[in-house]
Amino acid sequence: MKKIRWGTLIAYIVLAIFAIITVFPFIYMILGGLMSFRETTTIPPTIIPKHFEWANYTKVFAQAPFGRYFLNTFITASVTTIVSLFNALLGAFAMVNLKFKGKGVVQIVLLSLLMVPGEAIIFTNYNTIAQMGLLNTYIGLVLPFLTSIFYMYYLQSYFGSISQTIYKTAMINGASDWEYIWRILVPMSKGGLFTVALLSFISGWNSFLWPLLVTNEDSMRLLNNGLTSFASDAGETQLQLAAATLTVLPILILYFIFRKQIIRGVVRNDLKG
């Protein structure tokens, strides 16, 4: 019993240490955004600000168009999430439930494309977007990300856990594939669909390299690109930390609100029983 208790205690200590290491940068970023310039540059560093400088956030918006950055990021992340989720839903349904010639070949081709890193084709995509005249446009920002093979395969494994008897019964009762998807498949797979939607939105919100390539106008920048530009222009450390907090905080809030749905989608509790 003593060995078990000591082992449990050591495990908790190790977990606590790694938790502190992981969380501390975020906590300091938030607190640093509320410090004065002197507090952010003192040695040893200040952890808790003496006075909370809420005016730092006002200065951030005054020095850079972060409102525009937020709008651009929200539009691109939302469009990418909605369209990619819709395409992944239909693609996964077809691969699981429909029978057609060449289905195995299509799966092999899609799986092989999944092995190609995005960085390998990013310049090909850039040349395509440039030749289409879509630089500095919302379409250029979202077009390469309107479909995702990874999300399709995730949903395919999720849908595969649903008994085929349900689909066959729906077909016998006269339901069309479209009715089966929206009346049966979607309600039964809300956890998986929500997980895909959230992952897609976070990916769109945090995108950096692609927007950096296809936009060179300040009015079309996304948050991470705007933050990089702001960090190089603004010499005050506390303003840089405040700006970084603004970019991260929405995603953290989103996670804390929907963390139960995320966990349920990953472990597939919705399909048990």
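Accessible areas here come from the Shrake-Rupley method with a 1.4 Å probe. By that method, the protein chain of this predicted model has an accessible surface of about 16,300 Å², and 70% of this surface belongs to carbon and sulfur atoms. The secondary structure of the chain consists of 14 helices and zero strands. The radius of gyration is 23 Å, well over the 19 Å that the globule rule gives for 273 residues, so the chain is more spread out than a compact globule.

**Overall build**

- Read along the sequence, the chain follows the pattern α-α-α-α-α-α-α-α-α-α-α-α-α-α.
- Taken along the principal axes, the box filled by the C-alpha atoms is roughly 70 × 70 × 30 Å.
- Of the 273 residues in the protein chain, 37% are buried.
- Among contacts between residues at least 6 apart in sequence, 72% join residues at least 24 apart.

**Packing of helices H4 and H10**

- Two packed helices are described by the angle between their axes and the distance between the axes.
- Helix H4 covers residues 66–97 and helix H10 covers residues 177–188; the two pack at an angle of about 105°, and their axes are 12 Å apart.
- Angles of 65 to 115 degrees count as roughly perpendicular, and H4 and H10 are therefore roughly perpendicular to each other.
- On the H4 side, the contact is made by Phe86, Leu89, Leu90, Phe93 and Asn97.
- On the H10 side, the contributing residues are Asp177, Trp178, Tyr180, Ile181, Trp182, Leu185 and Val186.
- Sorted by class, the contact of H4 with H10 has ten nonpolar residues, one polar residue and one charged residue.

**Pro187 in helix H10**

- Pro187 also lies in helix H10.
- With a relative accessibility of 40%, Pro187 counts as partly exposed, since that class lies between the limits of under 20% for buried and over 50% for exposed.
- Leaving aside residues up to four places away in sequence, Pro187 touches Ile181 and Trp182. Ile181 and Trp182 are also among the H10 residues that make the contact with H4.
- Pro187 and Tyr138 are 49 residues apart in sequence, and their C-alpha atoms are 31 Å apart in space.

**Trp210 in helix H12**

- Trp210 is placed in helix H12, which covers residues 209–214.
- The relative accessible area of Trp210 is 5%, and this residue is therefore buried.
- Leaving aside residues up to four places away in sequence, Trp210 touches Ile122, Asn125, Tyr126, Ile129, Gly140, Leu141, Pro144 and Phe145.
- Trp210 and Asn225 are 15 residues apart along the chain, and a distance of 10.0 Å separates their C-alpha atoms.

**Backbone features in two loops**

- Pro44 is found in the loop between helix H2 (37–41) and helix H3 (55–63).
- The peptide bond from Ile43 to Pro44 is cis, with omega near 0°.
- Asn136 lies in the loop between helix H6 (118–131) and helix H7 (138–142).
- Although Asn136 is not a glycine, this residue has a positive phi of about 60°.
- Asn136 counts as buried because its relative accessibility is 17%, and the limit for a buried residue is under 20%.

Note on methods
Residues are numbered from 1 along each chain as its sequence is written. This is a predicted model: local features need pLDDT of at least 70, side-chain atom pairs count only at pLDDT 80 or more; totals for chains, interfaces and linings use all residues. Side-chain values use heavy atoms; hydrogens and water are left out. Axes are lines fitted to C-alpha atoms, for helices over the stretch in contact, and angles run from 0 to 180 degrees between N-to-C directions. Helices (H or I, at least four residues) and strands (E, at least two) are DSSP runs, numbered from the N terminus. Angles under 35 degrees count as roughly parallel, over 145 as roughly antiparallel, 65 to 115 as roughly perpendicular and the rest as oblique. Contact means heavy atoms within 4.5 Å. Ala, Val, Leu, Ile, Met, Phe, Trp, Tyr, Cys and Pro count as nonpolar, Asp, Glu, Lys and Arg as charged, and the others, Gly among them, as polar. The radius of gyration is taken over C-alpha atoms; the globule rule is 2.2 Å times the number of residues to the power 0.38. Buried means under 20% relative accessible area, exposed over 50%, partly exposed in between (1.4 Å probe, protein chains only).
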